[in-house]
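Here's a quick briefing to read alongside the model on your screen. Have a look at the structure first, then work through the points below.

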Amino acid sequence: MLELMEWLAERGVTTVFKVDGDRMTEHGRAWMVIVSGGPLGLDSFFRADLGTADACLDSLLAHLASKGLSPFA
């Protein structure tokens, strides 16, 4: 995850990856990822609130792929 966040930052993308203990006890969707800016464009705000870090990562990678970006290229 840290390598991905660094890769995104090098391209001008702002990334937030968070886990929230209060949300964990309330409804289990404690993990959140947000990305915006850079090559994603001005209307590029993306947010996913999911139950696991892996689910957030998968969602983020799918979003990046839909924008033509891949850290694996």
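This is a predicted model: local features need pLDDT of at least 70, side-chain atom pairs count only at pLDDT 80 or more; totals for chains, interfaces and linings use all residues.

In α3, the buried residues are C56, L60, H63 and L64. They cover an arc of only 100 degrees around the axis, so they sit on the same side of α3.

**More on α3**

- What do the buried residues of α3 pack against? They pack against α1 (2–10), β1, β2 (31–36) and β3 (46–50).
- Turn to the face of α3 pointing away from its buried side and you'll find the exposed residues D54, D58, A65 and S66.
- The helix length checks out too: α3 covers residues 53–66, and at 1.5 Å a residue its 14 residues should span 20 Å. The end C-alpha atoms of α3 are 20 Å apart, which agrees.
- Just after α3 comes G68, which takes a positive phi of about 80 degrees.

**The chain as a whole**

- You're looking at 3 helices and 3 strands, and from the N terminus on they run α-β-α-β-β-α.
- A compact globule of 73 residues would have a radius of gyration near 11 Å, and the chain comes in at 12 Å, which agrees.
- Along its principal axes, the C-alpha trace spans about 35 × 25 × 20 Å.
- Of the 73 residues in the chain, 29% are buried.
- Take the contacts with a separation of 6 or more: 34% of them are between residues 24 or more positions apart.

**A closer look at T15**

- T15 belongs to strand β1, which covers residues 14–19.
- Is T15 buried or exposed? T15 has a relative accessible area of 16%, and because the cut-off for buried is under 20%, T15 counts as buried.
- Leaving out residues up to four places away in sequence, T15 touches M5, L8, I34 and V35.

**Salt bridges**

- How many salt bridges does a search of the whole structure find? The search turns up 3.
- The background is simple: side chains of opposite charge can pair when their charged atoms come close.
- One of the salt bridges joins R11 and E10, with the closest N and O atoms 3.6 Å apart. R11 is partly exposed at 37% relative accessibility, while E10 is exposed, with a relative accessible area of 57%.
- D20 and K18 also meet through their side chains in a salt bridge, at 3.8 Å from N to O. Here D20 is buried, with a relative accessible area of 19%, whereas K18 is partly exposed at 35%.
- Then there's the salt bridge between the side chains of D49 and R47, at 2.8 Å from N to O. R47 counts as partly exposed, with 43% relative accessibility.

Key: Residues are numbered from 1 along each chain as its sequence is written. Side-chain values use heavy atoms; hydrogens and water are left out. Helices (H or I, at least four residues) and strands (E, at least two) are DSSP runs, numbered from the N terminus. Buried means under 20% relative accessible area, exposed over 50%, partly exposed in between (1.4 Å probe, protein chains only). Contact means heavy atoms within 4.5 Å. The expected span of a helix is 1.5 Å times one less than its number of residues. The arc is that of the directions from the helix axis to the C-beta atoms. A salt bridge is a side-chain nitrogen of Lys or Arg within 4 Å of a carboxyl oxygen of Asp or Glu. The radius of gyration is taken over C-alpha atoms; the globule rule is 2.2 Å times the number of residues to the power 0.38.
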